[in-house]
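Colleague: I would like to learn how to read a few features of a model. Please take them one at a time.

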Amino acid sequence: MTWISKDWAMGGIIKGLIVTLKHVFRVGNRPTVTVQYPYEKMPVHPRFRGLHAIDEDACIGCGICEVNCPNSTITIVKHNTRWYPQVNMGMCLFCGICVDVCPMNAMKMTGNYELADYSRESLIYGPDRLLFKKEVN
Amino acid sequence: MESDELFINMGPVHPSTHGVARFKLRMDGESIKECTPVIGYLHRGTEKIGEMKTYLQFIPYTDRLDYIAAFPNNYAYVKAVEELAGIEVPLRAEYIRVLTMELNRIVNHIVSIGSLLMDLGAATMIMWGFRERENALQLFEMLCGARMTFNYIKPGGVREDIPDGFIPKLNEFIKDMEKRIVDYEQLINGNEIFHMRMKNIGVISGKDAVNYGWTGPTLRGSGVDYDLRKYEPYSIYPDLDFKVCVRKEGDSYARFIVRMDEMKESLHILRQVVDNMPATKLISMAEYGISPMTGTPTAVSTYFPRIFTPPAGEVYSRIEAPKGELGFYVVSDGTTKPYRVKIRSPSFCNLTAIPSLVKGLKIGDLIAAFGTIDVVLGDVDR
Amino acid sequence: MLFLAMWTGDIMFENTYELIVFILNFIGIYDPIYNVFEMFGLEYLLRIIIVLAEIAALFVFILLTVMFLTWMERKVVAMVQARYGPMVTGPRGLLQPVMDGVKLIGKEDIIPAKADRWVFTLAPFLIFIPALLVFIPLPFGESLIISDLNVGLLYIIAISAISPIAILMAGWASNNKYSLMGAIRAVAQDISYTIPLALAAISVVLLTGSLSTVDIVTAQSGTWFGFIPKWFIFLQPLGFILFLIASIAEMGRIPFDFQESESELVAGFFTEYSGMKFAMFFLAEYAHLFSVSAIVVTLFLGGWSVPFLSSIPATFAVLIPIISLAAFVIKTYVIIFFAMWLRDTVPRMRIDQLLNIGWKIMIPLALLNLLATAILLTAGVF
Amino acid sequence: MNSAEELKNLLPGSVISTGLQLNKPMAVVKKEDLVKAAGKAKEIGFDHLSVITGIDYRDHFEVIYNFFSYSKKQNLAIKVNLDHDKPEVDSLTSLWKGADWLERETFDLVGIKFIGHPNLIRILLPDGWNGHPLRKDYDMNTEQFVTIGDNGDDVVSPDGTNLLRRK
C-alpha cells in the first residue's frame, strides 16, 4: 500500500507545467535570450583576451614574453629590420601573462575570438598579422 | 530468477558520463552487480607540468582542472604559494577573490543541477541554467577577460581591479538569480517523478562518506556538518555571515537540495561582499602606465617579483571548492619552479565511492547518483 | 444545397471513396469516366485508382504532418527553454525538416559488421508501415475516412501492437547491447501499457456499443443542456486520464521514453541506425505521436464533431467537411502540444517504476473504471 | 600540545620526530608502523584522510598523509621516508576506503608500492605504461602511444607510425 500517497495528485508536476507554460508565453520577464550567432554577435568586453596585438613602435623585441609564456607559444622573429613576437594561436592558452609582463606595455589582447582556421600553419600568427600602429593624437 | 550476466561498457563516449568517464558494468538484466570506473582518458599530467613551470606560469593550468569553476582552482594554488612565501594580500583583493569564487560556486551548482536533470531526461533545466550562467560568464569576462579559464587570481592579489559598471551588473544578476531559483524550485523540487528517481537512491551514511573521503555538498548531503569556509576559515570568510547547508538523508535528493540551498547562501554572501567591499581608488592599467605584474604594488596586488623564489619548504593548503575540498600540496626547493605539486581534487576523491554507491541499483540510478556526485573529468584525471 | 442535405443527414457517406464518387458525380464527370472504363471491362480498375489516390493523399498528409511535427517539437522545446529554435531555413525555420531529410538521405547507410543484415534492414520498414496503417480507420472529418471498419478500434490496437516486434528486431539485429536493452525495455513497456489502453478504450466501446470509430464519433456529437459538449471525457474522466497516460507511454515520450532513453542507453534500439533507416524510425515516432493523439481525440474529445455547429447559418454549411477536419486537427494538436509540453517539464521515470505503475495502478484502475461503467450502464444512468 | 605531539605521546616508539609542515603539525613515522600510527590517529578523531602525496627526493621517497579531524577541527600530517631502491609501504585501505584510489594514483605516478592494497593497478595511465611520470628520473623524451588492442585493452608502444597523426 506504499503506492497510495498524496503524490497521486501530481501537484508538483502541475506546478512545473505552469512554470514551463509561463516560459512558452514569455510571461513575467522570461524573454528569449539566445542570439543568432553568425548574424548577430554578443558584445565583447574591453578586457577580453582574444587575438594578440603588438604595438609596432613600442615593442623592442626583448623576448620577456617569450620567456614567460607558459606554453612556449611565442617566438621572436625578424620582421622588417626589427624583432617582433610571433604567436602560435594553436597552442595559446589566452592566459594574458605576456601582456602582464611586457615591460613596454606593447602587447595587448583584442576582442577577436573567431580564430578557427583550416590548417595548423595558418594558426601561427606572424608579426605581419599582429602588428598595429598606435594612432598619435 | 537467475539469468546470464551482461557486460556493458558505459563510456568513455556516452551522453551522460559528463565527459570521458567510463564504467565497466556487470549487469543482471537491468540491475548493476558490479561497477568499475575507469578513468584517465583526460589525463594531461598537470602535476608534472607544475614541476616544469614557474609559480606564475602554472596558474593558467590550474584553470583547466575543474573548468566549470576555475576561480577556486586559481585561488587554492595561489593560497598555497602565498602561505609558502608569506605574502600579504590587500583586503580589497581578498573581497574580489571571494566575490569571484562565490559567483563561480553558483555557476558550478547551476551546471551540476542542470546536467543532473538532463541525465534524467528533463532538458529544460540545463537550458534555463545556462541562461543564468551566461550572465555570470559575462561578469567574469568583464572582470578578467575570459569566460572559463580566468588566470585572474595571482600571488599577492588579483590581476586587475574590478572595472566600472561591474557592481551594478552584479547586483542585477543577484536580483535576477533570486527569481530564477524560485523558477527552478517550482520546476524540479516538487516533481513527483523526480522524487521517485532521487529519494532513497544512492544512500550513503555520514560515516561511510567520511571514510570514502567525500567532501563538499556530497558530504553535507549525508548529514556531516562540515564546510572549510566555516571551520577552517580562510580569506575573509570569518567576517561573513552564512550558514552551512546540511541534509541528513544522504540520498541523491539530499545532495541535490544541498546544492540548491548553497546557491541561495552564495547569493547571500555575494550581497555582503558587495556591501562591505573596501573602497579604494581604482587604478586601471591604462592609468598606471604599466601593468601590475611588472613588480609595482597596486590597490589589489602587493609586490610580486617577476623572478619569484619562495623559501624552501612544503605546504598543504585546502579550500572549499564548489565540488568539495580542493587541496594543493606544494613543495618548494627555493628555485623558481616548485619541486612537487600535488593536487587533491574533490571530484577524484568523491568518485571513489561510486562502485559501492550503485551496487544493486539500475542503470538509471547510476546516472542519477553519478550526476549528484557532480564530477568534472578534468578534475578527476588532471 | 447538396452539401447541406449531406450535413443534415439526408445523404451520408460511409467513407471518402463514396464522397469522391459523389463529388465527381456532382461535377458531372464520373459517368463519362466510368463509361470509358466500362468499355474495356475494367470497372474495378477505376475503383482501385480512386482508392489509391485517396491513400496517396492520406500518406502525403501524414508525411507533411510529421515533418511539421518535428519542427513544432523543436519550436515548443525552444520556447520553453527561452531559445529561438530553428530559424535559418525558411520562414522561422519552417523548412528545417526538409533540410534534415536531405541531410539524412545524403548520409552513408551503415550496417554494423556483425549485424543480422536482413532483420536490420527490415525493421525500419516494419515500424514505419504500421505507423501509417493505423490511420486507415481514423475519421479525419465528416466522411473523411478511408475505410469505416466495423472493428476499427480493434484494428488500431492490433496494428499498433506490431511496433514492439519491429523494435525487438531492430534491437536484436543491431548486435549492440544498448540496442538490445532498449528493445527489451520498449517491448516490456508496450505490452504493459497496451492493456490499460485497451481497457480504457473498452469503457468507451461500452458506451457506444460499437467498435466502429465513426459510430464513436457520432455518439459524441451534440450537447448536454445546450452548453456541455457530449464528449466522453465528461462521462469517462478516469478513463481519459488512464488512456492519456497509457498513450504517452505508447508514444514512447518522456516521462516514458525507455525505448530511447538517451542519457542511459545512448539512443536505445536505433543506436546503430543511420541515414534513411534512422529517418524512418524518426518519422515513425512522430507518425505515432500524431496517430495516438488522434485516437485520444476520437475516443474522448468528440473526434471531428463540433458541438455548437448546428447554430451555424445554412449558407456556410458547404464548409462543414472542412470545418470538421479543422476541428479534428486542432483537437489533435492540443493533445500533441500537451505531450510536448509534458516532455519539457518532467524527467524520465525508471523502468521498474514504470512497470510497477503500469501493472499495479493503471490496470486495476482501468478494470475498476470498466466495472463502474458497466454497472452505471446497466443501471441506466448513461 | 598539537596533534602530532599527542600522537608521539601515544606511540613513542613509532613516531620518529614531530614538527610543523608550515603551519600544520606533522609527525614523521617509521614506515613499518604506519598502519599502527594511522589507526591510532583515526582513534583519536582524525577521521578524514585528505590526501596522499608521494615525493621523489632523488635519494629517498617521502609519502605524506594529510589527515583532518571533523570533531576536533585539527590537522595532522604523517610522513614516512622510504628507500629509493625499495619504495614500499603498507596500505591504508583497511582503515580508509578512500585511500584506495589515492594510493593507486600514487603508485601510478610516483611508483610507490602499497603492500596489502587489494587492487594496485594503474589508474590514470594505461596498463603497460613505461615509467612513473612524477619521478625525477622519468624519461621525458620518449613518446609513448596508446592504441586499442584486438581484445579492447589499451596497448602502449613507443611506435607511433601507424597512428593517424598530423604533424
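Colleague: What share of the contacts in chain D with a separation of 6 or more comes from residues 24 or more positions apart?

Modeller: In this predicted model, residues 24 or more positions apart make up 44% of those contacts in chain D.

Colleague: Which pattern does chain D follow along the sequence?

Modeller: Chain D has three helices and nine strands, and read along the sequence they give α-β-β-α-β-β-β-β-α-β-β-β. The C-alpha trace of chain D spans about 60 × 30 × 25 Å along its principal axes.

Colleague: How many residues does the contact take from chain B and from chain D?

Modeller: The size of an interface is often given as the accessible area lost when the parts come together. Counted in residues, the contact takes 32 from chain B and 25 from chain D. Elements that give two or more residues to the chain B side include helix H1 (46-52), helix H3 (71-85) and strand S7 (324-332) of chain B. The largest share of that side, five residues, comes from S6(B). By class, the side of chain B that touches chain D has 13 nonpolar, eight polar and 11 charged residues.

Note on methods:
Residues numbered from 1 in each chain as written. Chains lettered and ligands numbered in written order. Predicted model: local features only at pLDDT ≥ 70, side-chain atom pairs only at ≥ 80, totals over all residues. Contact = placed C-beta atoms within 7 Å. Helix = DSSP H or I, 4+ residues; strand = E, 2+ residues; numbered from the N terminus. Nonpolar A, V, L, I, M, F, W, Y, C, P; charged D, E, K, R; others polar.
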